[in-house]
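Thanks for coming. I will go through one structure today, starting with the ligand and then moving to a sheet.

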Amino acid sequence: MSATIIDGVAMSRALLEGLRAEVAELREHYGKVPGLVTILVGEDPASVSYVTRKTRTAHELGFHEVQENRPADISEAELLALIGRYNADPDIHGILVQLPLPKHIDETRVLHAIDPKKDVDGFHPVNLGNLLIGGEAVTFRPCTPAGIQEMLVRSGVELDGAEAVVVGRSNIVGKPLSVMLGQKGPGGNATVTLAHSHTRDLAAHCRRADVLIVAAGVPKLVKADWIKPGATVIDVGVNRVGFNETTGKAILAGDVDFAAAREVAGKITPVPGGVGPMTIAMLMQNTVRSARRHLAAENGKA
Ligand code: NDP
C-alpha cells in the first residue's frame, strides 16, 4: 500500500495562520510587530530563492521586514558591522544571515556575532548549548530540525521508544535533530542513531528505523529496500538534478528514492513540499516568539 504523504505545505499553512493571529495580538497589545532582517551576500540562485521565500512569508504575516542584500565582495568587517547595527535595533527581533557565505568570510565568526537573543536560526553556540540542555533552557530550536519535529508530532508519529535514524550530521540539521529527538519529553524519547559518511553498512542502520530522517545531500541515496515496512521517512535533501527549460526552474530531488520508497513506507515527505515549507514556518515562529520576549521585557513584564 502506498504511504501517506506528510504534506508540509498544508501543515505550514496552518502554522502560519496561527502566527498571523499572534502578530495581530502583539500589534494590539504593544503597538509593534515582529521585526526580521534577512542578510543575503552575493547572488547564489538557491540562496536568492530561499531568502525570497522567507521575506515573502514575513511580509504576508505582517512583520516589519528588512532585506539587506550585499555584493559577494563585501568585507567581513562590513558584514559584522551590519549585524551589529541590527543587534542594537529595538525594532528587529530576528537576524538571519543566509548561508553559505563567500569563502573570504569566516562563517563561524559571523554567526557568533549575532545577538543570541535575536538568533532566530538557532545557530549561535549559546542557543545550541541550551538546546543540548533541553527543557526550559531551549530558546530557539534550529528551523529545519524544528520543522521536522513539528511534522512528526502533527502527523501523530510515535516517537516515544521509537528507533530514529538520522542520516547526516551537519550543525544545522542532523546533529541538532538527533539531540532533539533523544530529549526527554514530548517530541522526543526516541532512541537515536546518527549516521554519516563513515557509517559502516548504512542500509542496515536505515532498515532498523521506525523513523528515518535523511539529510545527506545525495540524490536517491536511500533505496526502497533500506526502509522498514510502515516506517516514517522524512526526506530533508534538496538536490538540483536538472533544469526545466519550460518553467525556467531547477528540477529538485530528495535524498530518498521517493517513487519506490512510498510503496514501502507508512508515511513519507515529498520533495519539494515537505520539510522546506516547514523550515520557513519555524523561522517565522522563532521570530514571533523572539518579538514576544523582547516586547514583554521592554514593557517590564518579563
Ligand atoms: P551537509 O553537506 O552539511 O552535511 C551532509 C551530511 O550528510 C554530512 O554529515 C555527511 O557526512 C553526510 N553524508 C553525505 N554523504 C553521505 C553518504 N553517502 N552516506 C552517509 N552520509 C552521508 O548538508 P546539510 O545538512 O546542510 O544538508 C543536507 C541536505 O538537506 C541538502 O540536500 C540540503 O540542501 C538539504 N537541506 C534542506 C533544508 C530544507 O529546509 N528543506 C534545510 C537545510 C538543508 P560527513 O559528516 O561524514 O561528511
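Helices (H or I, at least four residues) and strands (E, at least two) are DSSP runs, numbered from the N terminus. This is a predicted model, where local features need pLDDT of at least 70, side-chain atom pairs count only at pLDDT 80 or more, and totals for chains, interfaces and linings use all residues. Residues are numbered from 1 along each chain as its sequence is written, and side-chain values use heavy atoms, with hydrogens and water left out.

The ligand first. It is surrounded by 23 residues, the closest being R169, S170, S197, V238 and T279; surrounding residues have a heavy atom within 4 Å of the ligand. Helix 10 (residues 275–298) supplies the largest share of this shell, 3 residues.

Now the polar contacts, meaning pairs of N or O atoms within 3.5 Å. The side chain of S197 has an N or O atom 2.5 Å from a ligand oxygen. For T279, a polar side-chain atom is 2.9 Å from an oxygen of the ligand. V236 uses a backbone N or O atom, 3.5 Å from a ligand oxygen. The ligand taken alone exposes 920 Å², and the protein buries 69% of that; these areas come from the Shrake-Rupley method with a 1.4 Å probe.

Three strands form an open sheet in the order 3-2-4, with parallel pairing; two strands pair if DSSP finds at least two bridges between them. Strand 3 (64–70) and strand 4 (94–97) are the edge strands, each pairing on one side only. Strand 2 (residues 35–41) pairs with strand 3 over 7 bridges, and G35 has H64 in strand 3 as its bridge partner.

Terms used:
Polar contact = N/O pair within 3.5 Å; in protein donor to acceptor, adjacent residues only side chain to side chain.
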